[in-house]
Amino acid sequence: MSSTARGSRGGRMGVTYKYFGAPDGATAARVPISMRPEELGGDELGMGGMFTKIKPETVAAMVLTGIQGVPLHKVPPLELVVLHPDYAVVKLPMTVVDPLRGVGEEAVGAAAFIWSTVPDRGGPRDAYTVYQLLHEWQDFSHRLHEAGHQPYCLVWP
């Protein structure tokens with residue numbers, strides 16, 4: 001049996017996430033209709049919009065524990081903007097993107113190393129992968145700030 005056939009037998013294939021910025025919750029709520037935030041004056045994480053398997057909770061914890069030193073149990077919850085049978089839109093707290101704007105290369109590297117050593121949590125485990133992800137988020141945080149936007153995530157199965 002091929003690995004493709006094995007992987008698609010029954011059960012859910014997992015959830016996909018798309019991170020984007022928008023000026024407000026009403027705009028963010030309309031993004032799933034077109035799947036293109038730029039059509040609504042928004043911005044996407046990564047070139048051409050990045051679809052990922054990394055949960056918003058994981059990204060929040062990665063930034064807040066690795067850069068801000070916040071204990072995992074103190075990471076703030078996400079805010080639900082839209083809950084639809086086919087998708088959801090959540091708002092990430094600004095505390096997840098703001099700290100990235102003011103840190104340098106050493107802090108990003110240290111945060112990536114710290115996160116790669118945290119046991120029993122989801123997300124990337126390799127320090128270099130975490131480092132690349134944090135750099136993408138750092139660029140994203142600068143763009144959000146310049147546009148006056150908030151960070152959101154489109155979640156769908």
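**Reading a predicted fold: a tutorial dialogue**

Modeller: Helices α3 and α6 are roughly perpendicular to each other.

Colleague: At what angle do α3 and α6 pack, and how far apart are their axes?

Modeller: The general idea comes first. A pair of packed helices is described by two quantities, namely the angle between the axes and the distance between them. For α3 and α6 the angle is about 90 degrees, and the axes are 12 Å apart. Angles of 65 to 115 degrees count as roughly perpendicular, and α3 and α6 are therefore described in that way.

Colleague: Which residues of α3 and α6 make the contact?

Modeller: From α3 come Val59, Met62 and Val63, and from α6 come Val130, Leu133, Leu134 and Trp137. By class, the contact of α3 with α6 has 7 nonpolar residues, with no polar and no charged ones.

Colleague: Before we continue with the helices, how many helices and strands are there in the protein?

Modeller: The protein has 6 helices and 6 strands. Their order along the sequence gives the pattern α-β-α-β-β-α-β-β-α-α-α-β.

Colleague: At what angle do the axes of α3 and α5 cross?

Modeller: Helix α3 covers residues 56-66 and helix α5 covers residues 105-117; their axes cross at roughly 120 degrees and come within 9 Å. An angle that falls in none of the roughly parallel, antiparallel or perpendicular ranges is called oblique, and α3 and α5 are therefore oblique to each other. Their crossing is right-handed. On the α3 side the contact involves Thr58, Ala61, Met62, Thr65 and Gly66, which meet Ala111, Ile114 and Trp115 of α5. This contact of α3 with α5 comprises 5 nonpolar and 3 polar residues, and no charged ones.

Colleague: How are α5 and α6 oriented to each other?

Modeller: Helix α6 spans residues 127-147, and it packs against α5 at an angle of about 130 degrees, with the axes 8 Å apart. The pair α5 and α6 is therefore oblique, and the crossing is right-handed. The residues of α5 that take part include Val108, Ala111 and Trp115, while those of α6 include Val130, Leu134 and Gln138. The contact of α5 with α6 divides into 9 nonpolar, 4 polar and 1 charged.

Colleague: Where does Ala107 lie, and is Ala107 buried, partly exposed or exposed?

Modeller: Ala107 belongs to helix α5. A residue counts as buried under 20% relative accessible area and as exposed over 50%. Ala107 has 27%, so it is partly exposed. The C-alpha atoms of Ala107 and Ile67 are 6.7 Å apart, although 40 residues separate the two along the chain.

Colleague: What share of the contacts in the protein joins residues 24 or more positions apart?

Modeller: Such pairs account for 70% of the contacts with a separation of 6 or more. As for burial, 41% of the 157 residues count as buried.

Colleague: Which residues does Cys153 contact beyond its neighbours in sequence?

Modeller: Cys153 sits in strand β6, residues 150-156. Its relative accessible area is 0%, so it is buried. Leaving aside neighbours within four places in sequence, Cys153 is in contact with Tyr17, Lys18, Tyr19, Phe20, Pro56, Ala88, Val89, Val90 and Leu92. The C-alpha atoms of Cys153 and Lys55 are separated by 9.1 Å, and these two residues are 98 apart along the chain.

Colleague: Is Thr52 buried or exposed?

Modeller: Thr52, in strand β3 (residues 51-52), has a relative accessibility of 13% and therefore counts as buried. Neighbours within four places aside, Thr52 contacts Val15, Thr16, Tyr17 and Tyr19. With Val15, 37 residues away along the chain, its C-alpha separation is 8.8 Å.

Colleague: How many salt bridges does the count come to?

Modeller: The test asks for a side-chain nitrogen of Lys or Arg within 4 Å of a carboxyl oxygen of Asp or Glu. The count comes to 1 salt bridge. It joins the side chains of Arg101 and Asp98, at 2.6 Å from N to O.

Colleague: Where do Arg101 and Asp98 lie?

Modeller: Both lie in helix α4 (residues 98-101), 3 residues apart, which is about one turn of the helix. Arg101 has a relative accessible area of 26% and is therefore partly exposed. Asp98, at 31%, is likewise partly exposed.

Notes
Residues numbered from 1 in each chain as written. Predicted model: local features only at pLDDT ≥ 70, side-chain atom pairs only at ≥ 80, totals over all residues. Heavy atoms only, no water. Helix = DSSP H or I, 4+ residues; strand = E, 2+ residues; numbered from the N terminus. Buried < 20%, exposed > 50% of the residue type's maximum accessible area, 1.4 Å probe, protein only. Contact = heavy atoms within 4.5 Å. Axes fitted to C-alpha atoms, helices over the stretch in contact; angles between N-to-C directions. Parallel < 35°, antiparallel > 145°, perpendicular 65-115°, else oblique. Left-handed = near helix turned anticlockwise from the far one by under 90°. Nonpolar A, V, L, I, M, F, W, Y, C, P; charged D, E, K, R; others polar.
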